[in-house]
Amino acid sequence: MLDKTKKDWWKSAVVYQIYPRSFQDTTGTGVGDIPGIVRRLDYLQTLGVDVIWLSPVFASPQVDNGYDISDYRDIDPLFGTLEDMRTLIREGKRRGIGIMMDLVLNHTSDQHRWFQQACQSRKNPYHDYYVWRDGTPDCLPNDMQAVFGGPAWEWVPQVQQYYFHQFAPQQPDLNWENPTLRREIYDMILWWMDQGVEGFRLDVIDQIAKEPDKKITNNGPRLHEFLRELSAETFQKGCLVTVGEAWGADIPRAKLYSAPDGSELSMVFQFEQMCLDQQPGKEKWDLAPLPFVKMKQSFARWQRELHGCGWNSLFLDNHDLPRIVSRWGNDGQYRARSAKLLATMLHGMQGTPYIYQGEELGMTNIQLPIEQYRDVEIQNFYRKRMAEGYPEAEVLRSIYAKGRDNARTPMQWDDTPNAGFTAGTPWLPVNPNYTTVNAGAELADPDSVFAYYQKLIALRKQYPVFVDGDFTLLEEEHPHLFVYERALGAEQLLVVCNFGDEATPWTLPAGWENADTLIENLPAQPGTLQPWEARILLRRDADARS
């Protein structure tokens, strides 16, 4: 087990994200719950992870699947009780697995008692907890649009004002300019720290310093001031792991977020690489082939420029992104092999790796009739594009490729009905390939995707070069190969990945001929890299001279 009393323990950790609604149902409701997570802790211990990032389980009307919180100090009955949460924290600790809560501090639900009070009167002390602007019912404060579609302003007749919402109308934005609100937030976080949680993931945290009058939503001028105060008042009072979701982060900002002095956060989720396979300047739905050379150069730049002065989060999947094996791999003939390659590419880098539930099985995207999708973003996008005259086939193709429900289909535990997820009707259909792609089958197969992830996680614990080594990109312009070196003192790694369905002629760089193979997804053939082949080699300086 990791020693989590050390300040930077999370640098050696591997985090596993759970989307509770889709992980394990124990009640037959068709919705996953916290007792279901407790039931599967031994599975996660076998995998070897150190932290569970738990997507929101707070009390919520579930307009945005829990990212609309109505009570920060209670659990939604959909998932269980506060006592269930305490059991999960306790049983996780017993297995060396901490809980990272998913906090939404940019907005609340419109059902939160703060907002209910805020709507009663402009003089109500809670009114200033939210962002309001004057106007008239037929004249919006400005033309800003919400992420989920439609105006970003909603009229409240009782106070004769508009409130601002960057997402759904039921998700009013909080006013971080108000110090009383900030104190409420800090006290709530300290309360959860007292419950024993070991970290927090902060949803769209780069948007808390918004200035809607100037049409600024992310990276507002007071953002880092707010984060430093937040950290000093809460996170720095314990040995926590913290990560901020920041779609607008660039490298200079990431250095501030993840500064080694711990003044803000442990690390940040940035999305530069994950936005490459879309048409420049357009939405994620406007598909484009992955620019492979640009992708690996982007990873390399973040590796080099944060080394020693910041920290990377390493991820390819999450609850908002499609399955990576369907996106960047080959989810047909080479599903398992390409899933292992993608894991090799990512886990060989410097940073804290995140595994999204089912990624360790090579779970894939799904294609559903439009009426079966549950995600508000998908449904709004479909209606908007159809109203604009786009061909339905084109709209559906975008949803099949990038829709968030791709990641939210139930976890595939075994080949029994509903993949062992529920005895009832699942809230979202199970992927039909569960009969062959499931945890039961993979646990029984020493060559499975699961077994490969298990070994990668163990390697990170065994060799310091994975955590602290520097990074050098090789084959920078090669159209199929992602090859890089890591070095820490005498210890060196060579990570080799052949992206694509074609074999590629290639020979090892000089000095690597006698290196040890730490992991590979198929036996090597001299002079050739086979389709989707990946491996990691280890040598020490003396090996290079032999």
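Are E377 and R404 buried or exposed? In this predicted model, both E377 and R404 are buried.

## A network of salt bridges

The side chains of E377 and R404 meet in a salt bridge, with 3.3 Å from N to O. E377 lies in helix α11 (residues 376-387) and R404 in the loop between α12 and α13, so this pair ties together parts that are 27 residues apart in sequence.

D320 forms a salt bridge with R408, and the closest N and O atoms of that pair are 2.9 Å apart. Because D320 lies in the loop between β12 (313-314) and α9 (324-327), and R408 in the loop between α12 (392-402) and α13 (439-443), the pair ties together parts that are 88 residues apart in sequence. D320 is buried, with a relative accessible area of 13%, and R408 is buried as well, at 2%. Salt bridges link D64, K284, D320, D375, E377, R404 and R408 in a network.

## A link across the sequence

In the salt bridge between K461 and D50, the closest N and O atoms are 2.9 Å apart. K461 belongs to helix α14 (residues 449-462) and D50 to the loop between α2 (41-47) and β2 (51-54), so the pair ties together parts that are 411 residues apart in sequence. K461 counts as partly exposed, at 37% relative accessibility, whereas D50 counts as buried, at 5%.

## Two helices in contact

The axes of helix α3 (residues 82-94) and helix α5 (residues 179-195) come within 10 Å and cross at roughly 55 degrees, which means that α3 is oblique to α5. L82, M85, R86 and I89 of α3 make the contact with W191, W192 and Q195 of α5.

Methods:
Residues are numbered from 1 along each chain as its sequence is written. This is a predicted model: local features need pLDDT of at least 70, side-chain atom pairs count only at pLDDT 80 or more; totals for chains, interfaces and linings use all residues. Side-chain values use heavy atoms; hydrogens and water are left out. Axes are lines fitted to C-alpha atoms, for helices over the stretch in contact, and angles run from 0 to 180 degrees between N-to-C directions. Helices (H or I, at least four residues) and strands (E, at least two) are DSSP runs, numbered from the N terminus. Angles under 35 degrees count as roughly parallel, over 145 as roughly antiparallel, 65 to 115 as roughly perpendicular and the rest as oblique. Contact means heavy atoms within 4.5 Å. A salt bridge is a side-chain nitrogen of Lys or Arg within 4 Å of a carboxyl oxygen of Asp or Glu. Buried means under 20% relative accessible area, exposed over 50%, partly exposed in between (1.4 Å probe, protein chains only).
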